[in-house]
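Biologist: I would like a close look at the aromatic side chains of this model and at what surrounds them. Please keep to what can be computed from the atoms.

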Amino acid sequence: MIIVLTLVEFLCGSLMFSYWLGRLARKDLKTVGDGNPGAFNLWSAAGYKLGLAGVLLDFLKGYLPLVLFIENGVVQGYEIVLIAAAPIVGHAFSPFMKFKGGKAIAVTFGVWSALTRFEVSLAYAIILAILLAISTLIKKGKPVSTEANAFQAVFGMLLVSVYLYLRNFSMPYFCFWFLNLLILSYTNKNKLAQIRKMRKMKM
């Protein structure tokens, strides 16, 4: 049963709604901006309306199947770890995109919302908002770079572990958090590498 549910979740996550919406708008997201076929690049390429639709659909594919499984008692305990990670993996390594995909931020919010009834996703959102505010202050109001956004997404997820600890979440949640952190680190690896390169050049 776990294998079947994990496969279902992976397939749901692999549905690249934002990329397909971009194609409908005659925009190939792989050739726009940083080439990310996700909702935020769709926003930049095709406007806020399609962007919001992409964010919502990416969120829902992480949220809806999982919340149905949890609320109906289909999954529990350590079963949650792989099943919850599957839609994020599906988005990051979509078979519809030759096993390439997006950065999986919106899907991550959907999964955490399903797992914790929006508690941890709200905490992650607040953490990201604080990091963005700090970055904006440092930049003195100038636009934050995509590299900085990537760092904030990964570092913000790292800080989520502190929230999980303070709120006494059980070990399965920490196991899933660790997988989520690894995936976000991978999907943002190019931007993080650019940050390291720029720092070496300054030294």
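How many aromatic pairs does the structure hold, and where do some of them sit?

Modeller: The model is predicted, so local features are reported at pLDDT of at least 70 and side-chain atom pairs at pLDDT 80 or more, while totals for chains, interfaces and linings use all residues. Residues are numbered from 1 along each chain as its sequence is written, and side-chain values use heavy atoms, with hydrogens and water left out.

There are eleven aromatic pairs in the structure. One of them is Trp-20 with Phe-96, an edge-to-face pair at 5.6 Å centre to centre with 80° between the planes. Rings of Phe, Tyr and Trp (its six-membered ring) count as a pair if their centres lie within 6.5 Å; planes under 30 degrees apart are stacked, over 60 edge-to-face, and the rest tilted. Trp-20 is in helix α2 (residues 17–24) and Phe-96 is in the loop between α5 (79–92) and α6 (105–116), so this pair ties together parts that are 76 residues apart in sequence. Helices (H or I, at least four residues) and strands (E, at least two) are DSSP runs, numbered from the N terminus.

Trp-112 and Phe-176 form a tilted pair, 4.8 Å centre to centre and with 55° between the planes. Trp-112 belongs to helix α6 and Phe-176 to helix α9 (residues 171–187), so here the parts tied together are 64 residues apart in sequence. Trp-112 and Phe-176 are both buried. Buried means under 20% relative accessible area, exposed means over 50%, and partly exposed lies in between, using a 1.4 Å probe and protein chains only.

Trp-20 is also part of a cluster, in which ring pairs link it with Phe-17 and Phe-96. In α2 itself, Ser-18, Tyr-19, Leu-21 and Gly-22 are buried. These four residues cover an arc of only 160° around the axis, which puts them on the same side of α2; the arc is that of the directions from the helix axis to the C-beta atoms. Among the elements that cover the buried residues of α2 are α3 (39–46) and α4. Just after α2, Arg-26 takes a positive phi of about 60°.

Tyr-124 can be taken as an example. Leaving out residues up to four places away in sequence, Tyr-124 touches Ile-105, Thr-108, Phe-109, Ala-153, Gly-156, Met-157, Val-160 and Leu-184, where contact means heavy atoms within 4.5 Å.

Lys-189 lies over the face of Tyr-186, 4.1 Å from the ring centre; the criterion is NZ of Lys or CZ of Arg within 6 Å of the ring centre and within 35 degrees of the ring normal.

Charged side chains also pair with one another. The structure holds five salt bridges, each a side-chain nitrogen of Lys or Arg within 4 Å of a carboxyl oxygen of Asp or Glu. Lys-61 and Asp-58 meet in one of them, at 3.5 Å from N to O. Both residues lie in helix α4, three residues apart, about one turn of the helix. Lys-61 and Asp-58 are buried. Another bridge joins Arg-117 to Glu-71, with the closest N and O atoms 3.3 Å apart. Arg-117 lies in the loop between α6 and α7 and Glu-71 in helix α4, so the bridge ties together parts 46 residues apart in sequence. Arg-117 counts as exposed at 63% relative accessibility, whereas Glu-71 is partly exposed at 44%.
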